[in-house]
Amino acid sequence: VQLQAFGGGLVQVGGSLRLSCQASGLTFSSHVMGWFRQAPGKERDFVAAIRWGRGSVYYADSVKGRFTVSRDRAENTVYLQMNSLKPEDTAVYYCARGNSLGYVPADYNSWGQGTLVTVSS
């Protein structure tokens, strides 16, 4: 499985960014694609996830109502639309693939390189 994330950058408070993660090897409906983030000096935290087959979505409380995870099965791509960004959203964002839904990094077995999101005030 190869994952590649795109779309990070510098944005002002209240702004928006869309991250993309292009994946290969997503052939099973049970696969789950997750987004995690890691701020400097902190642990890698769950942000959102989507079931590849059903499209069911899951969010961390801190991003509910502001972030939207979606997927394009034809393009094998997962997106994370981030709106109303806050300084505390600043982190390196990672996409990952798991065989089942999980909320910790250990639940995912394939990771892409991270993309940095910086929210300036």
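Start with the aromatic rings: a search of the whole structure turns up six aromatic pairs. (Rings of Phe, Tyr and Trp, for Trp its six-membered ring, pair if their centres lie within 6.5 Å; planes under 30 degrees apart are stacked, over 60 edge-to-face, and the rest tilted.) Before you click on, note that this is a predicted model, where local features need pLDDT of at least 70 and side-chain atom pairs count only at pLDDT 80 or more, while totals for chains, interfaces and linings use all residues. Residues are numbered from 1 along each chain as its sequence is written, and side-chain values use heavy atoms, with hydrogens and water left out.

**Stop 1: Phe36 and Phe46.** Select both. Their rings make an edge-to-face pair, 5.7 Å centre to centre with 80 degrees between the planes. Phe36 belongs to strand S4 (residues 32-38) and Phe46 to strand S5 (residues 44-51), so you're looking at a link between distant parts of the chain, ten residues apart. (Strands here are DSSP runs of E, at least two residues, numbered from the N terminus.) Are these two buried or exposed? Phe36 has 0% relative accessibility and counts as buried; Phe46, at 10%, is buried as well. (Buried means under 20% relative accessible area, exposed over 50%, and partly exposed in between, with a 1.4 Å probe and protein chains only.)

**Stop 2: Tyr103.** Tyr103 is in the loop between strand S9 (91-98) and strand S10 (110-111), so its pairing with Phe46 in S5 ties together parts 57 residues apart in sequence. Tyr103 is partly exposed, at 43% relative accessibility.

Stop 3: Now select Phe36, Phe46, Tyr94, Tyr103, Tyr108 and Trp111: they form one aromatic cluster.

**Stop 4: a sheet.** Switch to the cartoon view and find the open sheet of four strands, ordered S1-S3-S8-S7 with antiparallel pairing. (Two strands pair if DSSP finds at least two bridges between them.) S1 (3-6) and S7 (67-72) stand at the edges with a single partner strand each, so one side of each has no neighbour in the sheet. To finish, zoom in on Leu3, which stands opposite Ala23 in S3.
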